[in-house]
Amino acid sequence: MNLDALIEAVLFATAQPMSVKKITELTSRDTKDVEDALKTLEARLRSSNSGTTLVRSGQSAELVTHPEAAGLVRAVLKQEMHGELTKPSLETLAILAYRGPLTRPEIEQIRGVQSALILRNLLLRGLIEQKEDARLGQPMYAVTVAFYKHLGLSGAEQLPDYETLRGHSAVTQALQELV
């Protein structure tokens, strides 16, 4: 796979800006190769009439929705914001309530599937927050006070079977496999 395609996959999966330095570290390539690949990716997305585009800001790059698709994407996101929570969203909330704060890779290790969009939706709804404390080079996610207030609780300790589920061996084992 070409370097520009690898970078595209990483930027898509992270759904956030990434520095050229970080991309260089992840791909084990030099800065010039990464810069060239970013230019190639940007040109390819532009020429293929893609629904995504590459945005550069200083030494960072991010894969974002193409402006012409913004209206449709906005409508879909608005619907997601006001609709009921999906089962995967509820599962992610439960994981964070009982085991959080966790990084996205830790959540994905427990769930067994990619969780970037679910985390984004929960962030937009104000049910989780992104913490500055980074572990494994990733931001941490935790449920918010608003989440507990919505449930009528004052904290995690009031969740049903909190002590038993927080220390569940299957979850502990899944997290140990990540390290």
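**Exercise 1. Burial and overall build**

Find what share of the 179 residues in the protein chain is buried.

*Solution.* Start with the rule: buried means under 20% relative accessible area, exposed means over 50%, and partly exposed lies in between (1.4 Å probe, protein chains only). Buried residues make up 33% of the chain. The model is predicted: local features need pLDDT of at least 70, side-chain atom pairs count only at pLDDT 80 or more, and totals for chains, interfaces and linings use all residues. Residues are numbered from 1 along each chain as its sequence is written, and side-chain values use heavy atoms, with hydrogens and water left out.

Next, the build. The chain has 10 helices and 6 strands. These are DSSP runs, numbered from the N terminus (helices: H or I, at least four residues; strands: E, at least two). The C-alpha atoms fill a box of roughly 55 × 40 × 25 Å, taken along the principal axes.

Last, the contacts, meaning heavy atoms within 4.5 Å. Take those between residues at least 6 apart in sequence: 54% join residues at least 24 apart.

**Exercise 2. The aromatic pairs**

Classify the ring pairs Tyr98 and Tyr162, and Phe147 and Tyr148.

*Solution.* A pair of aromatic rings is described by the distance of the centres and the angle of the planes. Rings of Phe, Tyr and Trp (its six-membered ring) pair if their centres lie within 6.5 Å; planes under 30 degrees apart are stacked, over 60 edge-to-face, and the rest tilted. This rule gives 2 aromatic pairs.

Step one: the centres of the Tyr98 and Tyr162 rings are 6.0 Å apart and the planes meet at 25 degrees, so this pair is stacked. The pair links distant parts of the chain, with Tyr98 in helix H5 (residues 87-99) and Tyr162 in helix H9 (residues 162-166), 64 residues apart. Tyr98 is buried at 13% relative accessible area. Tyr162 is buried too, at 10%.

Step two: Phe147 and Tyr148 are 5.4 Å apart, centre to centre, with 70 degrees between the planes, which is edge-to-face. Phe147 is buried at 9% relative accessibility, and Tyr148 at 13%.

**Exercise 3. The nonpolar cores**

*Solution.* A nonpolar core is a set of buried Ala, Val, Leu, Ile, Met, Phe, Trp, Tyr and Cys residues joined through side-chain atoms within 4.5 Å. The largest has 20 residues; Leu93, Leu96, Ile128, Val143, Phe147 and Leu159 touch the most other members. The elements are H5, H7, S6 and helix H8 (145-151). H5 gives the largest share, 5 residues.

Now look at Leu159. Leaving out residues up to four places away in sequence, Leu159 touches Ala97, Tyr98, Leu151 and Leu153. Another core lies apart, with 14 residues, including Leu3, Ile23, Leu38 and Leu63.

**Exercise 4. The second largest pocket**

Which element gives the most to the lining of the second largest pocket?

*Solution.* On a 1 Å grid over the protein atoms alone, a pocket is an open set of points with protein on both sides within 12 Å along at least five of seven lines; lining residues have an atom within 4 Å of a point. H1, helix H2 (20-27) and strand S6 (138-143) each supply at least two lining residues. H1 gives the most, with 3. Among the lining residues are Val10, Met18, Lys22 and Pro139.

Terms used: 1 Å grid on protein atoms, 1.4 Å probe; cavity = no way out; pocket = protein on both sides within 12 Å on 5 of 7 lines; lining within 4 Å.
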